[in-house]
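Colleague: Before I rely on any of the labels attached to this model, I would like to go through them one by one and hear what stands behind each.
Modeller: Then let us look at it together, and I will set each value against its definition.

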Amino acid sequence: VEHPPRVFFEPFLNTQSRSIVLRHSGFPQAATASISVAAYGGIYQGSVAHDALEVAVAPPTMLLPVTAVFVQPTSSSQLPVAFDTRPADPVTVTAVSSDPSVATVNGPLVARDTGGVSFTVTHVGEGFSTISFNLSTGNLTNSTYSTVTVPETVAVTAYGPGFLVSASQVRLAQMTSQTISVGLDTTPESRVVVTVVPSVAGVVTLSPSTLEYDEGGT
């Protein structure tokens, strides 16, 4: 902790106060520091307040703006990470997917500023995965993030194929009709046939009741 070595008070003035700025000195680990106050001059000569203030120093931290990522089939999502303290040396950030059959993540990536880096999480199969992180630096002892661990993880949900419907509710007057569109949210790898069935028979009729989608189209 950095702080000014001394402050001054004017004589014969009551209720004086001074502000002291405490600044993080860049120590790379969590720690505490005690600050004592000693006075010199006048009736305060030799007055000491031992350990008058305890300061908790937080270590540098990697920041995760999101704790969950959702990925659609045949697509990817971005996963940014940042730092609350500018790295003294380049930091290599490694992200690991707990189940590569669900989602993969690129890297390692190198961060040189607080802005950090952005990973790409790519859909592989439907399911759930967890991404964990590891930090490393070339300077193993004195670098800002040489001893920092990242206990936080990011949950990944990889969706299966679904449908895109133009309306979630329609209202039909007597003897009228309306048109809605139904699409695929994922490009099919082969010809797809979709059957549309009303939940209550005899209330409405559907035309057509079978929809066909060609390979490569949605």
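Predicted model: local features only at pLDDT ≥ 70, side-chain atom pairs only at ≥ 80, totals over all residues.

Colleague: What makes Asp-113 partly exposed?
Modeller: The relative accessible area of Asp-113 is 36%, and since buried means under 20%, exposed over 50% and partly exposed in between, with a 1.4 Å probe and protein chains only, Asp-113 is called partly exposed. Residues are numbered from 1 along each chain as its sequence is written, and side-chain values use heavy atoms, with hydrogens and water left out.

Colleague: Why is the contact between Asp-113 and Arg-86 called a salt bridge?
Modeller: The term requires a side-chain nitrogen of Lys or Arg within 4 Å of a carboxyl oxygen of Asp or Glu, and for Asp-113 and Arg-86 the N to O distance is 3.1 Å, so the pair is a salt bridge by that rule. The two partners come from distant parts of the chain, 27 residues apart, with Asp-113 in the loop between β8 (109–111) and β9 (117–123) and Arg-86 in the loop between β5 (76–83) and β6 (91–97). Strands here are DSSP runs of E with at least two residues, numbered from the N terminus. Arg-86 has 55% relative accessibility and therefore counts as exposed.

Colleague: How many salt bridges does the rule give?
Modeller: The count comes to three. Arg-191 pairs with Glu-212, their closest N and O atoms being 2.1 Å apart, and these residues too lie in distant parts of the chain, Arg-191 in the loop between β13 (182–184) and β14 (192–195) and Glu-212 in strand β15 (residues 210–213). Asp-214 also forms a salt bridge with Arg-191, at 2.4 Å between the closest N and O atoms. Because Asp-214 lies in the segment after β15 and Arg-191 in the loop between β13 and β14, this pair ties together parts that are 23 residues apart in sequence.

Colleague: What makes Arg-191, Glu-212 and Asp-214 one network?
Modeller: Their salt bridges share partners, and that joins the three residues. As for accessibility, Arg-191 is at 49% and counts as partly exposed, and Asp-214, with a relative accessible area of 49%, is likewise labelled partly exposed.

Colleague: How do you know that there is a pocket, and what volume does the largest one have?
Modeller: On a 1 Å grid over the protein atoms alone, a pocket is an open set of points where a 1.4 Å probe fits, with protein on both sides within 12 Å along at least five of seven lines, and lining residues have an atom within 4 Å of a point. The largest pocket has a volume of about 1,100 Å³, and of its 31 lining residues the closest to the centre are Val-7, Phe-9, Val-37, Ala-38 and Ala-39. The strands β1 (31–38) and β2 (48–57) each supply at least two residues of that lining. A volume is the space filled by probe spheres set on the grid points, which are joined across faces, edges and corners.

Colleague: What is known of the second largest pocket?
Modeller: The second largest pocket holds about 920 Å³ of space, and the closest to its centre, of the 25 residues that line it, are Val-170, Gln-178, Ile-180, Thr-205 and Leu-206.

Colleague: Which phi value does Phe-12 have?
Modeller: Phi of Phe-12 is near 65 degrees, a positive value in a residue other than glycine. Phe-12 lies in the segment before β1, and its relative accessible area of 86% makes it exposed.

How values were computed:
Helix = DSSP H or I, 4+ residues; strand = E, 2+ residues; numbered from the N terminus.
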